[in-house]
Amino acid sequence: MSRKNGITEELKADPNRWMVTFSDLLMLLLTFFVMLLTMSSMDKRKLKEIFMYLKEAAGVLELAGTRGISDLSSFVKEFNKTHTSYKIDERMFKDLFIPLLKPDEETEQTLKDLSELVTITDDERGIVFSFQEKILFDSGKATIKDEGYAVLGLIAAAIDACPNDILIMGHTDNIPIHAGVFQSNWELSTYRGLSVLEYFVEQKEFPPSRFSVGGYGPSRPLYPNDTERTRALNRRVEIIFKHLQGV
């Protein structure tokens, strides 16, 4: 008798069972519309980055490290289209920059590690080409060395081929200036930035409206200023291809 009643109860349909499926459907629809609303208000650059992660793509900056870079202009264009937060490997630029750097007894050893002379990164401003002091200037000077023009010429070709606005910033170490033309490290860093700007505007005839320039002095070191080597790494000029607006 009890077994028969049990089978009868199992066979009975719950009239409210459909509400479970209906509730799940409503929740899925709500989640879908929330996702659409979120995506519609996101920054396009961030949205591209998210899609790249979803596709598990390595991105141009990482892939470029496996084959090297033969054309700086193409690299910047690809960066404009496919911005990622991957660290850029300076070794992929070896074939571009090393032939332009004429090593002497002082710099020959350093040339074996290109990242100590040229660093290439990306941050909230754009793609940053950072050149150590000895590439462009003599110590305490703001006049570009002859061999520095070859390096700047490579950057100029990329500026000419790409629409990015350019920010130029000079940096120094924290050793005070006691003699010479400049009164402070702030002044030295600013005049070095201006020298690079003058090259682009006067010699390459780029529109001045594309450029901004300044000097941070010793206020933004990359490393502690506690050894000669780290102080040398902090003395640098950054040439920044700023992010394109609306990309």
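This report describes the fold, the nonpolar cores, one lysine and the confidence of a predicted model.

The secondary structure of the protein chain amounts to 10 helices and 5 strands, and of its 247 residues 40% count as buried. The chain exposes about 15,000 Å², of which carbon and sulfur atoms supply 56%.

In soluble globular proteins, nonpolar side chains tend to be buried together. In this model the largest nonpolar core holds 35 residues, and those that touch the most other members are Phe97, Phe129, Phe131, Ile155, Val196, Phe200 and Phe241. Helix α8 gives this core its largest share, 7 residues. Apart from this core lies another, of 5 residues, including Leu167, Met169, Tyr216 and Ile240. Phenylalanine 129, not counting residues up to four places away in sequence, touches Leu72, Val76, Phe97, Thr119, Ile120, Ile155, Val237, Glu238, Ile239 and Phe241.

Helix α8 itself has 14 residues and reaches 21 Å from its first C-alpha to its last, which is close to the 20 Å expected at 1.5 Å a residue. Its buried residues are Gly148, Val151, Leu152, Leu154, Ile155, Ala156, Ala158 and Ile159.

Lysine 145 lies in the loop between α7 (133-136) and α8 (148-161). Is this lysine buried or exposed? Lysine 145 counts as buried because its relative accessibility is 14%, under the 20% cut-off. Its side chain reaches the backbone oxygen of lysine 134 at 2.5 Å, and, leaving aside neighbours within four places in sequence, lysine 145 is in contact with Lys134, Ile135, Leu136, Phe137 and Asp138.

| Part of the protein chain | Mean pLDDT |
|---|---|
| Whole protein chain | 78 |

Over the protein chain, 66% of the residues reach a pLDDT of 70 or more. Over residues 50-67, by contrast, pLDDT stays under 50, and for this stretch the model has 25 contacts beyond four places in sequence.

Key
Residues numbered from 1 in each chain as written. Predicted model: local features only at pLDDT ≥ 70, side-chain atom pairs only at ≥ 80, totals over all residues. Heavy atoms only, no water. Helix = DSSP H or I, 4+ residues; strand = E, 2+ residues; numbered from the N terminus. Buried < 20%, exposed > 50% of the residue type's maximum accessible area, 1.4 Å probe, protein only. Polar contact = N/O pair within 3.5 Å; in protein donor to acceptor, adjacent residues only side chain to side chain. Contact = heavy atoms within 4.5 Å. Areas by Shrake-Rupley, 256 points an atom, 1.4 Å probe, with all protein chains shown as cover. Expected span 1.5 Å × (residues − 1). Core = buried A, V, L, I, M, F, W, Y, C linked by side-chain atoms within 4.5 Å. pLDDT = per-residue confidence, 0-100.
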